[in-house]
Amino acid sequence: MNETLRKYENQKVTEAILYVLNKTGVISYFMLMKILFCADRANLKKWGDPVTCLVYYAREHGPVPVSVYQAIKYPKPGRDFDFSDTLERIGKYDVRPLRKADENYLSQTDQESLDYGISELQGKDYKEIEKYLHGAVYERLYASKNKRYSHIDIASTEEVSDAVLAQIRENDIIAKMLS
């Protein structure tokens with residue numbers, strides 16, 4: 001992938017995280033990662049592309065963007081994500097923003113999908129969220145060797161039309177050609 005594009009996409013992830021944390025305040029990184037998944041799913045279903053470039057894996061407690069998880073749980077310089085000046089861990093599981101999101105990185109539709117992800121999980125506790133996101137796609141991936149969600153897998157965790165799936169496939173092909 002082009003280095004400039006990679007840096008832009010990584011910054012967009014950072015700004016999406018800050019956007020969520022600016023809206024929610026202190027939340028667990030578990031909740032943050034699930035909100036990002038729901039926002040990416042909402043954007044895929046509506047526009048055929050995710051909000052972020054994150055890669056999700058089926059883990060014991062549901063879909064996890066491993067790169068974000070590792071950057072929060074085990075911060076280390078040199079990774080794609082360094083949140084040292086972006087967010088602060090509070091206690092064992094919670095995070096809070098250290099600055100406002102630069103919304104220039106987020107389109108109006110990105111923000112709408114992030115807002116939707118927040119509202120979709122609002123009021124749900126850890127176990128409810130886990131159950132909510134453990135559907136047939138998750139079970140299939142969790143049982144597989146790879147465990148990686150494709151964009152089709154993410155969108156298919158809810159009912160999705162064939163036209164949307166075709167748009168996602170087309171967008172994935174274009175993205176692959178441009179990278």
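This is a predicted model: local features need pLDDT of at least 70, side-chain atom pairs count only at pLDDT 80 or more; totals for chains, interfaces and linings use all residues.

Started with helix H3, residues 66-73, and looked up which side chains are hidden: Val66, Val68, Ala71 and Ile72 are buried.

Next I asked what the buried residues of H3 pack against. I found two helices on the list, H1 (3-24) and H2 (29-47). The strands on it are S2 (56-59), S3 (62-65), S4 (87-90) and S5 (94-97).

Then I stepped back to the layout. I get 8 helices and 5 strands in the chain. Walking along the sequence, I wrote down the order as α-β-α-β-β-α-β-β-α-α-α-α-α.

Checked the overall dimensions. The radius of gyration is 16 Å, which agrees with the value near 16 Å for a compact globule, because that is what the rule gives for 179 residues. Along the principal axes, I have the C-alpha atoms in a box of roughly 40 × 40 × 30 Å.

Burial and surface came next. I have 42% of the 179 residues down as buried. For the accessible surface I noted about 9,800 Å², with 51% of that belonging to carbon and sulfur atoms.

Last entry, charges. I counted 26 positive and 27 negative ones, and their mean positions lie 6 Å apart.

Note on methods. Residues are numbered from 1 along each chain as its sequence is written. Side-chain values use heavy atoms; hydrogens and water are left out. Helices (H or I, at least four residues) and strands (E, at least two) are DSSP runs, numbered from the N terminus. The radius of gyration is taken over C-alpha atoms; the globule rule is 2.2 Å times the number of residues to the power 0.38. Buried means under 20% relative accessible area, exposed over 50%, partly exposed in between (1.4 Å probe, protein chains only). Accessible areas come from the Shrake-Rupley method with a 1.4 Å probe; for residues, only the protein chains shown count as cover. Lys and Arg count as positive and Asp and Glu as negative; His and the chain ends are not counted. The place of a charge is taken as NZ of Lys, CZ of Arg, CG of Asp or CD of Glu. Contact means heavy atoms within 4.5 Å.
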